[in-house]
Amino acid sequence: ANTMVPLKFTSGNSAETPTVAFNGGTARAIKLGGTASAAAKFTLAANGVALFFFDGTVLHQIGVYS
């Protein structure tokens, strides 16, 4: 919790409501600007790195990536 988390996506992908699970744990929602990124797809190219702030519940995306 309360940690900056850089994530490298080894496969390019997009999702309407993306989640990430750490070490097989509970899937955590990714949000941008405090809201789920359902209105616009979250897209990241293969081997792309995105920076997130993990508050213990949600991964908050920092910046916009595509």
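The protein chain exposes about 4,100 Å², of which carbon and sulfur atoms supply 55%; accessible areas come from the Shrake-Rupley method with a 1.4 Å probe, and for residues only the protein chains shown count as cover. The structure is a predicted model, in which local features need pLDDT of at least 70 and side-chain atom pairs count only at pLDDT 80 or more, while totals for chains, interfaces and linings use all residues. Residues are numbered from 1 along each chain as its sequence is written, and side-chain values use heavy atoms, with hydrogens and water left out.

The secondary structure comprises zero helices and eight strands. Here, helices (H or I, at least four residues) and strands (E, at least two) are DSSP runs, numbered from the N terminus. Of the 66 residues, 23% are buried, where buried means under 20% relative accessible area, exposed over 50%, and partly exposed in between (1.4 Å probe, protein chains only).

Strand E8 covers residues 59–62. Which strands are joined to E8 by bridges? Strand E4 (residues 27–32) runs parallel to E8 and is joined to E8 by two bridges, with Lys31 standing opposite His60. Strand E7 (residues 48–54) runs antiparallel to E8, and four bridges join them; Phe54 has Leu59 as its bridge partner. Two strands pair if DSSP finds at least two bridges between them. E7 and E8 form a hairpin with four residues between them, and Gly56 in the turn has a positive phi of about 105°.

In a regular strand the side chains alternate between the two faces of the sheet. In E8, Leu59 and Gln61 form the covered face, whereas His60 and Ile62 form the uncovered one.
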